[in-house]
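I opened a new notebook page for this chain today. Here is what I looked up, in the order I went through it.

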Amino acid sequence: MLRALACALALTSAFSAPAFASGLKAVQTADLVKTIIDADGAEIVTFEPATDVEPGEQVRYSLQYVNEGAEPAQAVSLVMPVPAEMILVEGSVKGGASAVTYSTDAGETFASRDEITVSDGEIERTARAEDITHIKWAFATPIAPAESGSISFVATLK
């Protein structure tokens, strides 16, 4: 149980941004994903702080950012690791006006989801969700002063 909690909260301060985006401030959260069915049979997804996570449960990792500087933040890239005890949920990555790329080698190299591969011995194959170690959001336009937004992904505890 303690291991599950530690994995769920592993990202509370782990992200990177370029040094020249010095006015950019960010807060990262880890929320347990809860899905309930209402009286009409519709699914309602809610989020609560991830204080107790069991294997098979999903956690949404979010990063809310704001440019508190007086100048636009140029060429911003934000990177979040996928904790080792988690598996990325395909299709869950969200983010503003940015290009998203993925890494399978601890953030050394990045490629689009359909182009990222790994080697299984001598065989090269398309990376599976459990191979993804980092996600990178590269913003095509500057983040203006006082502009804010968020990026996120969902992962399942192994």
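I began with burial: 35% of the chain's 158 residues are buried, where buried means under 20% relative accessible area, exposed over 50%, and partly exposed in between (1.4 Å probe, protein chains only). I noted that this is a predicted model, in which local features need pLDDT of at least 70, side-chain atom pairs count only at pLDDT 80 or more, and totals for chains, interfaces and linings use all residues. Residues are numbered from 1 along each chain as its sequence is written, and side-chain values use heavy atoms, with hydrogens and water left out.

Next I checked the surface. The chain exposes about 8500 Å², and 54% of that comes from carbon and sulfur atoms (Shrake-Rupley method, 1.4 Å probe; for residues, only the protein chains shown count as cover).

Then I went through the secondary structure. Read from the N terminus, the order is α-β-β-β-β-β-β-β-β-β-β-β.

I also looked at contacts (heavy atoms within 4.5 Å). Of those with a separation of 6 or more, 73% join residues 24 or more positions apart.

Which phi does Ala-75 have? Its phi is positive, about 45 degrees, although Ala-75 is not a glycine. I found Ala-75 in the loop between strand E3 (58-67) and strand E4 (77-81).

Ala-146 has a positive phi as well, near 70 degrees. Ala-146 sits in the loop between strand E10 (134-139) and strand E11 (148-157). I logged Ala-146 as exposed because its relative accessibility is 64%.

Note on methods. Helices (H or I, at least four residues) and strands (E, at least two) are DSSP runs, numbered from the N terminus.
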